[in-house]
Amino acid sequence: MAGKWNQDETHPSSSSLYVTLLGPLRITHLGREIDVGSPQQRAVLLALLLAKGRSVTVGQLVAAVWGEDPPNGAISTVRTYISRLRKTFEGDKGAESVPHVIAAADGGYALRSPGGISIDMAEVEVQYARARAFYQSGKISVAAELLKELLDAWQGVPFSGVPGPLAEAERARLGEWYMRMLQSRLEFELELGRHHDLTAELIALCREFPLREGFRALLMLAFYRCGRQAEALAVYHDARQVLRTELGVEPGHELSALYAKVLAADPSLGAPGWDEFGLRVFEPSREEQPGDKGGLRGNTTNSLSAANPTQPHVRGGAHTTMEAASRTLVTPHQLPTAMPGFTGRLSEMHRAQSVIAKPEGTRVLTVNGMAGVGKTAFGVKFAHSVAHLFPQGQLYVDLRGYDSAGAVDAGTALRAFLLALGIPPDKIPAELDAQSALYRSVLSDKQLLILLDNARDSEQVRPLLPGPSDCLVIVTARHQLPGLVATHGAHPIILDVLDDREALSLLSNRIGDARVSADLEAAQTIIQHCGRLPLALSIVAARARTYPDFSLSLIAEELKSVRGSLDAFSSGDTGLDARVVFSWSLEVLSPEAALLFRLLALHPGPQITVSAAASLAGLEPRETRSLLVELVRAYLIAECAPSLFQMHDLLRVYAAELSEELDTSEVCGGAVERLFDYFLHSGYSACSEISAALPDAPATKPAARSNAQDFQHETQARAWLDLEHDSLLAAVEVMQEAGYDAHAWQLACYVAENLSRRACWIDLASVLENGLAAAERVNDSHAQALCHRGLGIAHGKLGRNDDAVWHLLAALNLFIAKSNLPEEAEIHGHVAVVEMQRGNLKEALKHADEAHRIYREMNEPLRGARSRNDVGRLYALLGDYERALAYCSGSIDELEKLKDIPSLISAYNSMAFIYRQKSDFKRALQYHESAYRMACDARDTGSAAETLAHIGELQRAAGMIDAARTAWSNALRLFEELEGAETEVMRTSLRRLLSEVNAA
């Protein structure tokens, strides 16, 4: 059956589901409509439907509903929706239930039905293909009627009311598909000579969709065929005014060409002939070219570009010139030799192939990327791979868009192309517009491949583009060409650096597999220092081939020795000199953008936010973003995420070299000071929103134009800390190395609070090592104590217990010297935890007891109650269960008065642990269950998951294997919603335990 998938022939088709997507989402089974729940639940169902039986992961379902910013608990919510949908479909397993609709598959879920699932959208796709086939066989009236039926099948906005990014994207795609079908139906009817009947509908469509040039073109042709030439011309003028006002662009070539034909009363615009059965009359005249052919092209000029078979072909004002030149046309083969050893780029090649696989008139590919990424090599390689599809020739020109001697102008390139196509020199017009018109006329019925290499901008390229034809144009440029995308429907192919496998393959192809395999480690070092940039790899490979006796290890050491310089990537050939190649990209930059490019080298992190860049430049963020966009278009930086930019390592080195050469110490020093103040003051503001336990605020005000952020909400603060995470860590290190010691230790202690909360223990240890070095240099004992304390906690979490105790005792001694009792007590508590991890239970008890004593002395009831629980748990580990019960039960009494739920959960679990050690499983389970209920009521997912894991351990010890399996499965589900290294350890442990009980 059309539009059916997951069909199992062993089940009757009557049990299938029928899904309506072309309108409100509806599902019927055996004539009964199924209620599929809330809008977000429908979004989950839609994602499964669109997968057509393939598995969809939970992460993909979350993204389909909420996009990149899901709420807390999104994973759990999606699983709830899946459970509800299962119940909705399967019901009570009665006669009218739908068995096994949503199945767990490949780590996700798949929508499957033994009787198959029929979707109206899939059926329309099949019928649309039939309509195209009818058209291509000449049965235009049948095709038009079928399209009319398909358009009537639409019942409104596809799956209206279903939220989420996936639904929005799919709605947009289906909306465009609907418009294409509508336009095809109108084209077919126009070819059937129904222009009188179509004018009213086309007028309404042009009013509803004023920017769609296809409808405008059809209305112009309908008016013209009705003898209303003035109204046809008015349609063009109105379209031109709307496009210029709304988009700032001129009408496309096809609409402009039609305007010229209407203006000239071109006889080729007459309606084609049809026989009495609605079949097209194919009686080509002797002037008709062999390359002319009918058929759906998927563009707006299917019927417009087809000449009347009873009329000679007249192409604008170039008809006479074409006739004179027709005897001398030749087949050019101008492609340069493909680069030997070309490797990789398979995904980009496949994308380019997919563009030419769908005939749609002239197709334009733009190949873009940073300097040295291999745009020309890719363009030439791809052109050779598809040249056989264009037997009438291939044209090539190097437009030298960045040549110091000047770019090739369009007129020069056009003249060369026309000569290559056999046009006599005396027949080539002098004016650019006339040359371009003749060029388009020559190519109008040809299948040529045209490679425009090293283009400077869209304006240089436009005169070299064919009109409606079966040509392919490949344009390589190191700047983005959005104008060609907007006005000519160009398909951009953006090249990035090679991946590790491709880079290794390039080296092997250039210098030999044996040499690379013999020293694979050195080859990988070379790849790392080249940043996987094809130009840099090619330069190094050329050096290796020139000196075959040099080992790769020696070349790798040379690269290490000049790290931070481009000396290793220069040669006598300007095309193989990284500095020269990079410099070409800077030639078109504004002075402000060029300065920002150089200053970005001063940024310490791998990624750069707009705010940080603004602080370097000393500009407002809006002005800075414009400059960053200019650098992105020149492929000097890349926008790796919205408002987040990164620079290739070799470009960063080049920017640093330029800055050292061109910028004064005042310019660079001011930029660094503003950037460091931006990190310090913004970091304090952000961390203050998530913790009240920060050191004092910075003593100095931020420098002018440092763009320091002042956060008012925790959500904003967390977002900024996430965005600047890597840069903050790098900034502390650079501050410490540059002698900004106060900045370094303060920022280290500020971000330490956030890193602790996120359980980023490795990052915490790294940043506080730099903070400690700075604090020691300025001899600030309080700062040293803070850094030692944080390092002790981090090392303890990482299992480096000896280092942890050393740092914690160092902090303890510094706090004792300052008579800082709160900090002393806290440090004693941390030492107790680490000593317990080391197995020194008596030493741990000593420190825990001292912490408890200090808190009682300070009259700190809450901390005193918590430390009392810690002491009790240590007594239990030492086997003194009576003292353990006394301390922990006393802690519970105090915590219940204070209503501190998190601490109560911990104390109840301590009591459960004590009773388990006493083999009183019943009481132990009661305390664990009480702790679990409190965690659920408080929505404390982490404590609930941890308690369930303990319950599973207790149940397994009591021989309750099935109950233990259930508890551990639920605990694992909760831990999957959490982040951090500790939770990953718990997930791994639970998976191991489940595997053990399942295997038993």
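Trainee: Among contacts in the protein chain between residues at least 6 apart in sequence, what share joins residues at least 24 apart?

Mentor: The model is predicted, and the value is computed from its atoms. Contact here means heavy atoms within 4.5 Å. Of the contacts between residues at least 6 apart in sequence, those joining residues at least 24 apart make up 68%.

Trainee: How many helices and how many strands are in the protein chain?

Mentor: Helices and strands are counted as DSSP runs, numbered from the N terminus. For the protein chain the count gives 43 helices and 16 strands.

Trainee: What percentage of the residues in the protein chain is buried?

Mentor: A residue counts as buried when its relative accessible area is under 20%. The protein chain has 1000 residues, and the buried part of them is 50%.

Trainee: What part of the accessible surface belongs to carbon and sulfur atoms?

Mentor: The accessible surface of the protein chain is about 45400 Å². The part that belongs to carbon and sulfur atoms is 51%.

Trainee: Is the pair of Phe 209 and Phe 215 stacked, edge-to-face or tilted?

Mentor: The structure holds 17 aromatic pairs. In the pair of Phe 209 and Phe 215, the ring centres are 6.1 Å apart and the planes stand at 50°. Planes under 30 degrees apart count as stacked and those over 60 as edge-to-face. An angle of 50° between the planes therefore makes the pair tilted.

Trainee: Which residue lies over the face of Phe 215?

Mentor: A charge sits over a ring if NZ of Lys or CZ of Arg is within 6 Å of the ring centre and within 35 degrees of the ring normal. For Phe 215, the distance from the ring centre is 5.9 Å, and the residue over its face is Arg 212.

Trainee: At what distance from the ring centre of Phe 913 does Arg 873 lie?

Mentor: Arg 873 lies over the face of Phe 913. Its distance from the ring centre is 4.7 Å.

Trainee: How far apart in helix H6 are Glu 189 and Arg 185?

Mentor: The side chains of Glu 189 and Arg 185 meet in a salt bridge, with 3.1 Å from N to O. Glu 189 is buried at 8% relative accessibility, and Arg 185 is buried at 7%. Both lie in helix H6, which covers residues 165-191. Their separation, about one turn of the helix, is 4 residues.

Trainee: Are Asp 445 and Lys 446 buried or exposed?

Mentor: The side chains of Asp 445 and Lys 446 meet in a salt bridge at 2.9 Å, N to O. The relative accessible area of Asp 445 is 8%, and that of Lys 446 is 16%. Each value is under 20%, so both residues are buried.

Trainee: What is the bridge partner of Ala 638 in S16?

Mentor: S15 and S16 (residues 644-646) run antiparallel and are joined by 3 bridges. The partner of Ala 638 in S16 is Gln 646.

Trainee: In which loop does Asn 859 lie, and is it buried or exposed?

Mentor: Most residues other than glycine have a negative phi. Asn 859 is not a glycine, yet its phi is positive, about 60°. Its loop runs between helix H36 (841-857) and helix H37 (861-877). With a relative accessibility of 64%, Asn 859 counts as exposed.

Methods: Residues numbered from 1 in each chain as written. Predicted model: local features only at pLDDT ≥ 70, side-chain atom pairs only at ≥ 80, totals over all residues. Heavy atoms only, no water. Phe/Tyr/Trp six-rings, centres within 6.5 Å; stacked < 30°, edge-to-face > 60°. Salt bridge = Lys/Arg side-chain N within 4 Å of Asp/Glu carboxyl O. Helix = DSSP H or I, 4+ residues; strand = E, 2+ residues; numbered from the N terminus. Buried < 20%, exposed > 50% of the residue type's maximum accessible area, 1.4 Å probe, protein only. Areas by Shrake-Rupley, 256 points an atom, 1.4 Å probe, with all protein chains shown as cover. Pairing = 2+ DSSP bridges.
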